Amino acid sequence: VQLQASGGGLVQTGGSLRLSCVASGQTFSSYTMGWFRQAPGKEREFVAGIRWNGGSTYYADSVKGRFTISRDSAKNTVYLQMNSLKPEDTAVYYCAADRTYYSGGYVSRRNYEYDCWGQGTQVTVFS
């Protein structure tokens, strides 16, 4: 599967951005799609994930209530709506796919669980 992320940019504190990740190459009904981010000098961290089939979601505490992950099956696209942005949200954002099927509503949230990665898109929040 190939992943193409877009939508990053420069935004003022309190502003909003929507990231998109278009998936192609295979069917995705059993996948989990995730967004991660990596700030300069820091490790890549989980932001949000969504089960393609069923739509269960999971968020990092740092973004809960501000970010929303969603998917459009017809467009094979996953979105990350980011509101109330803060300077600490500044990072390169990556979308990723975990092709493992999990029973129940588990949403992958660890780097090693994701085996397909897209290129990053830069998000910069200035005060």
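Residues are numbered from 1 along each chain as its sequence is written, and side-chain values rest on heavy atoms, with hydrogens and water left out. Because the model is predicted, local features require a pLDDT of at least 70 and side-chain atom pairs count only at pLDDT 80 or more, whereas totals for chains, interfaces and linings use all residues.

The chain contains zero helices and 11 strands; helices (H or I, at least four residues) and strands (E, at least two) are DSSP runs numbered from the N terminus. Along the sequence the pattern is β-β-β-β-β-β-β-β-β-β-β. The C-alpha atoms fill a box of roughly 40 × 25 × 25 Å along the principal axes. The radius of gyration of the chain is 14 Å, which agrees with the value near 14 Å for a compact globule of 127 residues; this radius is taken over C-alpha atoms, and the globule rule is 2.2 Å times the number of residues to the power 0.38. Of the contacts (heavy atoms within 4.5 Å) with a separation of 6 or more, 59% are accounted for by residues 24 or more positions apart.

Buried residues make up 43% of the 127 residues, where buried denotes under 20% relative accessible area, exposed over 50%, and partly exposed in between (1.4 Å probe, protein chains only). The largest nonpolar core comprises 35 residues, of which Leu3, Met33, Trp35, Leu80, Met82 and Tyr93 touch the most other members. Such a core is a set of buried Ala, Val, Leu, Ile, Met, Phe, Trp, Tyr and Cys residues joined through side-chain atoms within 4.5 Å. Strand 9 supplies the largest share of this core, five residues. Beyond its neighbours within four places in sequence, methionine 33 contacts residues including Leu3, Cys21, Ile50, Trp52 and Tyr114.

Six aromatic pairs are counted under the rule that rings of Phe, Tyr and Trp (its six-membered ring) pair if their centres lie within 6.5 Å, with planes under 30 degrees apart counted as stacked, over 60 as edge-to-face and the rest as tilted. The ring centres of phenylalanine 46 and tyrosine 58 lie 6.0 Å apart and the planes meet at 40 degrees, so this pair is tilted. The pair links distant parts of the chain, with phenylalanine 46 in strand 5 (residues 45-51) and tyrosine 58 in strand 6 (residues 57-59), 12 residues apart. Phenylalanine 46 is buried at 10% relative accessibility, whereas tyrosine 58 is partly exposed at 32%. Both belong to one aromatic cluster formed by Phe36, Phe46, Tyr58, Tyr114 and Trp117.

The charged end of arginine 109 sits over the ring of tyrosine 58, 3.6 Å from its centre, and that of arginine 44 over tyrosine 94, 5.7 Å from the ring centre.

The loop between strand 8 and strand 9 holds aspartate 89 and serine 84. Aspartate 89 is buried, with a relative accessible area of 0%, and, leaving aside neighbours within four places, is in contact with Arg37, Arg66, Phe67, Ser84, Val123 and Val125. Serine 84 is partly exposed at 42% relative accessibility and has a positive phi of about 50 degrees although it is not a glycine. Asparagine 76, in the loop between strand 7 and strand 8, likewise has a positive phi, near 50 degrees.

Key
A charge sits over a ring if NZ of Lys or CZ of Arg is within 6 Å of the ring centre and within 35 degrees of the ring normal.
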